[in-house]
Amino acid sequence: MSIDNEIYSQQASGWWDENHFLHLLKTGINPPRFGYFRDALTCQLGLQPQALSVLDVGCGGGILSEEFAKLGCRVTGIDPSAPSLDAARQHAARENLTIEYRQASGENIPFDADSFDVVICCDVLEHVDDLEKTIHEVARVLKPDGMFCYDTINRTAESRKANIFAAQNFPLTSFFPPNTHVWEKFITPEEILVLFEKAGFDNRDMTGLNSALPDLQVAGLLIRRKFGLLTFAELGRQLKFQTGGGLQASYLGWAVKK
Ligand SMILES: C[S@@+](CC[C@H](N)C(=O)[O-])C[C@H]1O[C@@H](n2cnc3c(N)ncnc32)[C@H](O)[C@@H]1O
């Protein structure tokens with residue numbers, strides 16, 4: 001079974017649409033993941049956002065790029081999907097944000113070595129064709145001591161239940177189109193750490209990224225959304241995603257280039 005990354009071109013108008021599943025990234029996932037990265041960057045590494053160049057690999061419609069731009073960073077986003085980049089450019093213009101968007105993949109990043117202070121790659125590693133090459137490319141374009149911020153999905157029974165069964169397959173709760181995710185492409189923390197070591201990264205932190213609600217309550221919200229009683233924007237807020245806890249489904253972290 002192969003992953004369907006064409007979804008991001010066919011449904012690119014959905015990134016900033018409160019009634020589209022892509023918008024879950026904005027209201028559900030962005031608040032905890034951006035807060036976590038911002039704190040690591042400013043509190044733990046003591047960096048000044050205004051001085052930083054940031055590359056967002058697999059930026060999609062710019063949902064996370066915009067947060068870093070609003071923080072004052074100089075942001076560049078790359079993605080293979082031209083329609084997603086158009087949506088990202090249009091939204092940034094409406095928000096008066098200056099972000100450079102370019103069409104490219106994580107496997108072939110079109111920038112010189114040692115170009116960026118920070119690289120972010122969120123909800124993307126489980127989509128790429130060549131994970132090892134992508135991580136090597138991220139390491140190449142980062143400056144020494146540069147920071148790599150990532151989130152992805154673990155390959156476990158829990159992620160099969162949440163991300164494949166509930167979110168993609170079960171008619172009463174599903175919202176992802178078929179093959180949005182392929183379980184076999186999910187990445188265990190152990191696998192990512194081996195690749196980081198090979199690419200010259202020192203991983204500094206890794207933690208869970210999950211709903212604070214019990215499974216039954218999550219199912220209830222997904223069913224209400226299915227019956228049109230909630231928008232995706234509202235669903236994202238009500239799912240109360242938070243960092244911390246186990247790595248058994250989604251997880252995020254940051255590493256530094258040695
Ligand atoms: C789930 S979306 C995440 C978008 C964005 N990072 C966010 O979190 O808001 C996955 C993105 O990865 C992109 N993608 C797919 N294959 C890729 C590759 N080989 N290199 C870089 N990005 C890729 C898709 O086009 C899509 O925009």
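Me: A residue is buried if 20 or more other C-beta atoms, placed from the backbone, lie within 10 Å of its own, exposed if 12 or fewer do, and partly exposed in between. With that in mind, why is helix α3 described as largely enclosed by the rest of the structure?

Reply: This is a predicted model, in which local features need pLDDT of at least 70, side-chain atom pairs count only at pLDDT 80 or more, and totals for chains, interfaces and linings use all residues. Residues are numbered from 1 along each chain as its sequence is written. Helix α3 covers residues 63-70, and seven of its eight residues are buried, so the helix counts as largely enclosed. The buried ones are I63, L64, S65, E66, E67, F68 and A69.

Me: Why does G200 count as partly exposed, and where in the chain is it found?

Reply: G200 has 16 C-beta neighbours inside 10 Å, a value between the limits of 12 and 20, so the residue is partly exposed. G200 belongs to the loop between α7 (189-199) and β6 (201-211). Leaving aside residues up to four places away in sequence, G200 touches A139, K257 and K258. The C-alpha atom of G200 is also 9.7 Å from that of I135, although the two residues are 65 residues apart along the chain.

Me: How do you know which strands β8 pairs with?

Reply: Two strands pair if DSSP finds at least two bridges between them. Strand β5 (residues 142-153) is joined to β8 by seven bridges, and the two run antiparallel; seven bridges meet that limit, so β5 and β8 pair. Strand β8 itself (residues 250-257) is mostly covered, as seven of its eight residues are buried.

Me: What makes β3 and β7 the edge strands of the sheet?

Reply: Eight strands form an open sheet of mixed pairing, in the order β3-β2-β1-β4-β5-β8-β6-β7. Strands β3 and β7 (241-243) are its edges, since each of them pairs on one side only.

Me: Which residues of the largest nonpolar core touch the most other members?

Reply: A nonpolar core is a set of buried Ala, Val, Leu, Ile, Met, Phe, Trp, Tyr and Cys residues joined through C-beta atoms within 7 Å. The largest such core has 63 residues, among which V119, I120, C121 and F148 touch the most other members. Apart from that core lies another, of five residues, including I153, A162, F186 and A249. F148, leaving out residues up to four places away in sequence, touches V119, V138, L142, F201, W254 and A255.

Terms used:
Helix = DSSP H or I, 4+ residues; strand = E, 2+ residues; numbered from the N terminus. Contact = placed C-beta atoms within 7 Å.
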